[in-house]
Amino acid sequence: MQKEMNVFLSEGCSRGRIVTMPVPEVVPGTVLVKIAYCGICGTDQDLFSGECSFAETGQVSYPVRLGHEWSGVVEAVGEGVTQFCKGDRVVGDNAVSCGKCDACLAGDFAHCAHMLNVGTIDPVYDGAFCEYYIIAAHHLHKIPEGISLKEASLAEPLSVAYGGIKHMNITKNSTVAVIGTGCIGMAAVVLAKCLGAKNVWMIGRNESKLESARALGAEIINIKQCDAVQTIMDLTGGLGADFVLECSGAPETFKQAIDIAAFRATVALIGFYEHRENDVNVDTMVAKALTLIGVMGEMGNMAGALSILAEHKPDLLPIITDELDFDECIAGFTRKNYPNAVKIAVKIGEED
Ligand SMILES: [Zn+2]
Ligand SMILES: [Zn+2]
């Protein structure tokens, strides 16, 4: 008899359920992974509720299998897979190449013309809120030693933050400001600390989330208690921050990012803005000769993020503020149930 597994399906309108389906079989080039942890992302919460532009514009097909922030252990490998074996601890890319276009056929999977999105919008590749997961071997990465499976479920958000960090030449003299106390902001703090920045400031308003940033080594600036721009200017002798990572996506924080940036600073905008920004002071960007980068969490940043983890072995656990068992995970998809959560990790398989 074919083995069965539990899978969480999101049906939209804040509905979802766990169903059973057959464990998929490995085919050549693929790997079957026993999922250990899967994180709940803000995008998952948006898609679960259906109250987001993706659902409104029909870019998501329900029921959808969410889950793009996962870690697991290799259960079986398909024919031709030599780089992984049973028992390897792995994480996966947030996109899956089609395998058929010119780029894929040339082995250049990152430039696939028909990339599938893991567990989010169409064209979608089933996400990892399930017990067993199948994925092409070239989209897997080994978890560095010293990083637990639970921590490794943060590899994907770390790779998103790395998409900004990789454009910044952070040294021991650098000052780095991070805006936004969500998981990506925390990931930016971790990476900037690993790279040895002199100061890493986290700017936010939620005291309990700011405490997570403090536990990661950031100096915290609570905008409810002080003016962030004035504070950064005071702390830097009027120079501003060398590198700014804006991970909040709000009109005020975009303006803040530009205002706290130093002359010739690099400002990374990580994430999407819900509205168009018409009140942008372009002259400030010009006068400061800023470099502005948009970061959307594209594929290809996982290896870079993992190599920083491998070298520095940071403690990532302050980012995971909540943990749920798989059979009770539905509560975690509703934002208001966990207003102070930075990251909710769902425990699906056993701990390492
Ligand atoms: Zn995510
Ligand atoms: Zn392709």
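The legends below describe close-up views of a predicted model.

Residues are numbered from 1 along each chain as its sequence is written, and chains are lettered from A and ligands numbered from 1 in the order in which they are written. In this predicted model local features need pLDDT of at least 70, side-chain atom pairs count only at pLDDT 80 or more, and totals for chains, interfaces and linings use all residues; side-chain values use heavy atoms, with hydrogens and water left out.

View 1. Strand E5 spans residues 89-92; helices (H or I, at least four residues) and strands (E, at least two) are DSSP runs, numbered from the N terminus. Two strands are said to pair if DSSP finds at least two bridges between them. E5 pairs with strand E4 (residues 70-77) in the antiparallel sense over three bridges, and Ser-71 stands opposite Val-91. Three bridges also join E5 to strand E10 (residues 140-142), again in the antiparallel sense; here Val-91 faces His-141. In a regular strand the side chains alternate between the two faces of the sheet. In E5, Arg-89 and Val-91 on one side and Val-90 and Gly-92 on the other are all buried (buried: under 20% relative accessible area; exposed: over 50%; partly exposed: in between; 1.4 Å probe, protein chains only).

**View 2. Helix H5 packs against helix H11.** The axes of H5 (residues 155-165) and H11 (residues 302-312) come within 8 Å and cross at roughly 105 degrees. Axes are lines fitted to C-alpha atoms, for helices over the stretch in contact, and angles run from 0 to 180 degrees between N-to-C directions. The two helices are therefore roughly perpendicular to each other (angles under 35 degrees count as roughly parallel, over 145 as roughly antiparallel, 65 to 115 as roughly perpendicular and the rest as oblique). H5 contributes Ala-155, Glu-156, Leu-158, Ser-159 and Tyr-162 to the contact, and H11 contributes Met-302, Gly-304, Ala-305, Leu-306, Ile-308 and Leu-309; contact means heavy atoms within 4.5 Å. These residues comprise eight nonpolar, two polar and one charged (Ala, Val, Leu, Ile, Met, Phe, Trp, Tyr, Cys and Pro count as nonpolar, Asp, Glu, Lys and Arg as charged, and the others, Gly among them, as polar).

**View 3. Helix H5 also packs against helix H6.** H5 and H6 (residues 183-194) meet at an angle of about 60 degrees, with their axes 8 Å apart. On the H5 side the contact is formed by Pro-157, Leu-158, Val-160, Ala-161, Tyr-162 and Ile-165, and on the H6 side by Cys-183, Ile-184, Ala-187, Ala-188, Val-190, Leu-191 and Ala-192. The contact has 13 nonpolar, no polar and no charged residues.

**View 4. Thr-181 lies in the loop between strand E11 (175-179) and helix H6.** With a relative accessible area of 11%, Thr-181 is buried. Leaving out residues up to four places away in sequence, Thr-181 touches Met-186, Met-202, Ile-203, Gly-204, Lys-209, Leu-210 and Val-342.

**View 5. Helix H8 (residues 228-235) has four named buried positions: Ala-228, Thr-231, Ile-232 and Met-233.** Their cover includes strands E11, E12 (199-204), E13 (219-222) and E14 (241-246), together with helix H9 (251-260). Just after H8, Gly-237 takes a positive phi of about 60 degrees.

**View 6. Strand E15 (residues 261-270) contains Val-267 and Arg-264.** Val-267 is buried, at 0% relative accessibility. Its contacts, neighbours within four places in sequence aside, are Val-244, Ala-257, Ala-261, Leu-290, Thr-291, Leu-292 and Ile-293. Arg-264 is exposed, with a relative accessible area of 59%, and has a positive phi of about 60 degrees although it is not a glycine.

View 7. Most residues other than glycine have a negative phi, and most peptide bonds are trans.
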